[in-house]
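Hi,

Here is the structure I promised to pass on.

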Amino acid sequence: MENKKVNLKDVVKVTYLTPQNAHFEEKNSFLSFKGTVLKPDENYVYTETEVEYKRVFLQRNFPHDQLEKYISVLDEDNVEIGIISDISLFDEETANMLKRELHRKYYILKITQVYSVKEKYGFSYWKAKTESGDVSFTLHDTSRSITKVGEDRLFISDVDANRYEIESFTALDRKSRKCMELYI
Amino acid sequence: MIRRVLGKIYRKIRKKPQPISVAEMRARLLSKIPNDLWDREKETVLTVLSYTLDADNNGTDGVLLFTENRIRTFENGKACTDILFDDVDEFRQNTYIGVCALEYKKDGEYISICRGKMSQAEFWGNVCKMLNNCKQKGTFPKEYVEMQHKICPKCGQQIPKRTGVCMNCVDKKAMFGELWQIVKPFKFKLIFASFMFLAAVGVNLLFPKINQILVDGYIENTDMKNSIAAGQGKEVLFMFLLVLLSMFGAYILQYVVSVIRNIMMLHIGTDLIISLRKKIFDKIQQMSLSSISRRTTGELIRRVTSDTAQVENFISGQLPNLLNQVFLLIVITAILFSYDWKLALVIIIPVPIAAVAMRRFWAFTHKIYHKQWEADSKASSVLFDIFSGIRVVKSYGTEDKEYRRYEQAIHKEMELQIKNETLYCMIHPFLGFILQIGSFFLLYYTASHMLDQTMTYGQASQFVSYVSYIYGPIGWLAGLPRIITRTYTSLVKLFDVLEEKPAVSDDEDAIDLTINGEITFNNVSFGYDETGDVLKHINLTVKPGEMVGIVGRSGVGKSTLINLVMRLYDVTDGDIQIDGVDIRKISQHSLRSQIGAVLQETFLFSGTVYNNIAYAKPGCTHQEVIEAAKLSGAHDFIVKLPDAYNTKVGEKGHTLSGGERQRVAIARALLRDPKILILDEATASLDTETEKSIQDSLERLIKDRTTIAIAHRLSTLRNATKLVVLDKGTVAEVGTHEELLQKKGIYYGLVMAQRRMSKIT
């Protein structure tokens, strides 16, 4: 008997959404989906099934480093319908639609300058400039609230779960870097 | 410096922002809506709110207006949404990443009304609840008076939700005030120890004077030689011996004072560190699970051990020493001025320069030592992480990787330490040099006075000794920034824990209740954070003695539900009652002492099997322990161990299998003879046969005892009085096994899936 090696991808059933099997539409600033996906029956046998959802949500699988790749498409109950491996596979109109939906889902302000950081009792109070104007926010356990990604990209999450991003720490002005150096 | 002073003056004289009243806010928002967009005369405004983001997350100056029968939005002076209240099926607050949205449901579809930053999530959630309540009652929202932000009345700044207080208005003085509360019980001991320090200073000051008498009176004194020649040798010798004796006496006194002082400091130090550690340990135990899990175990251990040690060292060692040095400085300065004020001035002049330099150095070192503290803390966390997961490390053969991870962490710490200490080594002697510039003038002064014979050898020696005394305290004070910085850093970290408001606390009028066993969930909703509720509108009654099985898919909120019963978290909305009393009105000790829980994660403490079982009921008899173990099925394997119940388990102890640990944990829960029994996958890691035997035992035990059990293996719950199926955070189905099977709903699906699985296996 031939002993054929079974690879992981032979066993795993993932629906990768492509222009061939997925169609998205935008209405009321929401995204709807129609397409063919792999669905298991009660015996866990996967078959291609036509589905339609009035509203779907997008979720980045790697929100720190793959902004337009590996995007899960979820239904209202957060059950995955399929994964978009790369937004650029879709035509420009659909790609822009998907990007807009991602923009609605992820509200992360980009910090361009840090005016001041004052620390008191484990809380730090920040005043900063973002692309959408000046902001002030509070961090608890400052070092832990800042996530360093790669060489000098930073993600900040404040006490209220607001998100901020610094695309390049080294590209900030000297004063901003000095304000933050304690926590990096 | 000038900038700082000007800043202080500005802050004193500036007009502090005043919190805005609801009426003012309302008027301000209404003025943003152009008159032609709505008829102010016809439509009565009930509530008006502001928002900051449009449906596409673009910044906007938005106004949300509730009139008698409509909801309208205006963005940047333009009309946007216009909804008839009666057309809406439901309102909801949806949370995304860094943004939340107020949405309404119409014809089965959700449509966005407005969006805001996450800081407003709780507020919009409340608005939704209010709107949905109104829909249910068929009334329209009355004036909604809650402010969108909590504002500090003192400075006008927004108060962060997690702190509850404006940290901007809390100052260092308050923190040292808190520290005083810890130190207060030792105040008399501290005063006495400080007095001993001062006594030591006083004795030290005697030596230069005795030395001067010795040199001028007996070594360099020509009159003395004449007196001896004149036959008065005995008197001279007697006086000489008296001086020597006084020097000897001073040494003895110095020795006695030092011994008493050191013993006192030892006592204060140990008492203080024990008190501090108890306080911080007690606080950590009181903290909610979410607060504890936010910090790493390594970090918490560090707070209890090294941070407390640093603060203790400062209070019991450095603080009295500071007093000692300052006193020495004042006395010596006074002595020097009484000798020659000009010379004293020359010696003192470099001191302010050094003080300014020290202050600048202090501000700088605070930052770098904080950085070093963080690196040290990270290295400890890495170490703890690796050792905790050593089984995983070894089974994956990743020792080298972990070695590199730890090496990297300690190297970073080492680099920072070298940098900091090098800087300190360079700057500290320089500060010392500035300080001692005055000693050159001193040399010139004493030498010139001795040459023109206006100063004796003894006086010169005394003077030089006193001057050297003044440099001692100043030099010590130059090193003070480092000590204070380290202490301040540790103190901040300690108060970060001590000041945290406990998420779950006993009500002032909390009662001790003898539980009968009825548990009622009244419209209970709960979420761990603003990202959404895990449990929504749970209504459930468990009668005394009933066994309720909770089933549902993973992550549906089953464990959360029992955590709420044990009050490890407080509900976000609604209430849980036990025998008709809200559990928030029952003291936590009373509540938990009558609940026995066997959880998914079984943890055994270091100690014997006996200690681990007896943990639940201090003072229990050996017989009770054996009976509990017998009931849980643990007894059979325990008696096979060479040391039976005295077998050491936990860290450095005998390794028990998962099933054995589980049985010990069940015995622990049973020993308490709880009124309410909680079983969270209690028999999940046991083989079918053992599970069956424990199930039979449990069956006898749970009689007349309220039991809530969670199990994925549905056969475990066959004896349940009723089953509650959770789905999407709500109660989807309730009934007996048979009723639910007939219903052919979620439970039916779960049973069928398990049957298929068992066929396969």
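To start with the sheet: what is the order of the four strands in the open sheet of chain B? The order is β9-β8-β11-β12, with antiparallel pairing; strands pair if DSSP finds at least two bridges between them. Elements here are DSSP runs, numbered from the N terminus: helices are H or I with at least four residues, strands E with at least two.

Before going on, note that this is a predicted model, where local features need pLDDT of at least 70, side-chain atom pairs count only at pLDDT 80 or more, and totals for chains, interfaces and linings use all residues. Residues are numbered from 1 along each chain as its sequence is written, while chains are lettered from A and ligands numbered from 1 in the order in which they are written.

Strands β8 (residues 519-526) and β11 (residues 573-578) of chain B run antiparallel and are joined by five bridges, and B:N522 stands opposite B:D575 in β11(B). Helix α16 (residues 558-565) of chain B packs on the sheet and touches β8, β9 and β11 of chain B. Contact means that C-beta atoms, placed from the backbone, lie within 7 Å.

Now two helix pairs. Axes are lines fitted to C-alpha atoms, for helices over the stretch in contact, and angles run from 0 to 180 degrees between N-to-C directions.

Helices α10 (residues 341-348) and α14 (residues 438-451) of chain B cross at roughly 150 degrees, and their axes come within 7 Å. That makes α10(B) roughly antiparallel to α14(B) (angles under 35 degrees count as roughly parallel, over 145 as roughly antiparallel, 65 to 115 as roughly perpendicular and the rest as oblique). B:L343, B:V346 and B:I347 of α10(B) make the contact with B:G438, B:F441, B:L442 and B:Y445 of α14(B).

Helices α19 (residues 622-632) and α21 (residues 658-671) of chain B pack at about 125 degrees, with axes 8 Å apart. α19(B) is therefore oblique to α21(B). Among the residues that meet there are B:V625 and B:A628 in α19(B) and B:I666 and B:L670 in α21(B).

On confidence, chain B averages a pLDDT (the predictor's confidence in each residue, from 0 to 100) of 80, and 88% of the residues score at least 70. For the complex, the predictor gives an ipTM of 0.89 and a pTM of 0.67.

Cheers

Terms used
Two residues are in contact if their C-beta atoms, placed from the backbone, lie within 7 Å.
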